[in-house]
Amino acid sequence: MEYTTAKFIHLIGIFLWAGASSSLGLFMLYSMHKSTGCDQHLLRNFYRWMTNLEIFGFVVALAMGLYMLHLLRYRMDINWLNYKLPLVLGIILPLELVNFWFVNFYIPRAKDKMRAYKRYDLFTYIIALPLILTSLMVIYLAVVKP
C-alpha cells in the first residue's frame, strides 16, 4: 500500500473516531442532566456500540499512522511528529483503552448498572476536556506541521 492510500485510510479512521465520539457523546451528556424520555439501558447499549465504532476508528487511525511512519522508514527527524506521537500514545491511547474496558467489561459485568453508569459518567467528565484539547493539538500539529 502506498503512502497516500495509508493517509486516506488514516483520515477515515480519524473521522470515525471523532464522529462517533462527539455526536452521541454530546447527546449522552445532555441526557444525563435532562430527561429525554429514552430508556437509559437501551440508550447506553447503543452508546456502547458507538463507543466501539469510535475505538475501531482510533485503531484504524493509529495503525495507518504507524504504517505511514514505517513507509517513512521511521525517520524521527520530523519535528511535528515528535510532538504528536507522545500525545497520541501517551494520552489518547491510554484513555481509549480505559474507555474500552469500561464499556465492554466493567459495565456489562456490573451487578448494579446504574452505579456502573455513574462511574463511567464520572470518567467521561474527567477525561472530556483533556481528550478534546489533546485531540485538537494533534490535529493542529498534523495540519500546520510546525
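A nonpolar core is here a set of buried Ala, Val, Leu, Ile, Met, Phe, Trp, Tyr and Cys residues joined through side-chain atoms within 4.5 Å.

**View 1. The largest nonpolar core of the predicted model.** This core has 27 residues, and those with the most contacts inside it are F58, W80, L81, I92, I107, Y120 and L131. Two or more residues are given to this core by each of α2 (40-71), α3 and α4 (113-144), and the largest share, eleven residues, comes from α3. In soluble globular proteins, nonpolar side chains tend to be buried together.

View 2. Taken along the principal axes, the C-alpha atoms fill a box of roughly 50 × 25 × 25 Å. Of the 146 residues of the chain, 38% count as buried, while the chain exposes about 9100 Å², of which carbon and sulfur atoms supply 72%. Among contacts between residues at least 6 apart in sequence, 73% join residues that are at least 24 apart.

**View 3. Aromatic rings around Y120.** Ring pairs link Y120 with Y47, W101, F102, Y106 and F123 into a cluster, and a search of the whole structure finds nine aromatic pairs. A pair of aromatic rings is described by the distance of the centres and the angle of the planes. Leaving aside neighbours within four places in sequence, Y120 is in contact with R44, Y47, T51, N99, F102, V103 and I107; Y120 is also one of the residues with the most contacts inside the largest nonpolar core.

**View 4. Charged side chains over tryptophan rings.** The charged end of K145 sits over the ring of W80, at 4.4 Å from the centre of that ring, and W80 is itself among the residues with the most contacts inside the largest nonpolar core.

**View 5. N104 and its polar contact with R48.** N104 lies in helix α3, which spans residues 79-109, and N104 counts as buried because its relative accessibility is 15%, where the cut-off for buried is under 20%. The side chain of N104 makes a polar contact with the side chain of R48, at 3.5 Å. When neighbours within four places in sequence are left aside, N104 is in contact with R48 and N52.

Technical notes
Residues are numbered from 1 along each chain as its sequence is written. This is a predicted model: local features need pLDDT of at least 70, side-chain atom pairs count only at pLDDT 80 or more; totals for chains, interfaces and linings use all residues. Side-chain values use heavy atoms; hydrogens and water are left out. Rings of Phe, Tyr and Trp (its six-membered ring) pair if their centres lie within 6.5 Å; planes under 30 degrees apart count as stacked, over 60 as edge-to-face and the rest as tilted. A charge sits over a ring if NZ of Lys or CZ of Arg is within 6 Å of the ring centre and within 35 degrees of the ring normal. Helices (H or I, at least four residues) and strands (E, at least two) are DSSP runs, numbered from the N terminus. Buried means under 20% relative accessible area, exposed over 50%, partly exposed in between (1.4 Å probe, protein chains only). A polar contact is a pair of N or O atoms within 3.5 Å; within protein, one must be able to donate a hydrogen and the other to accept it, and residues adjacent in sequence count only if both atoms are side-chain atoms. Contact means heavy atoms within 4.5 Å. Accessible areas come from the Shrake-Rupley method with a 1.4 Å probe; for residues, only the protein chains shown count as cover.
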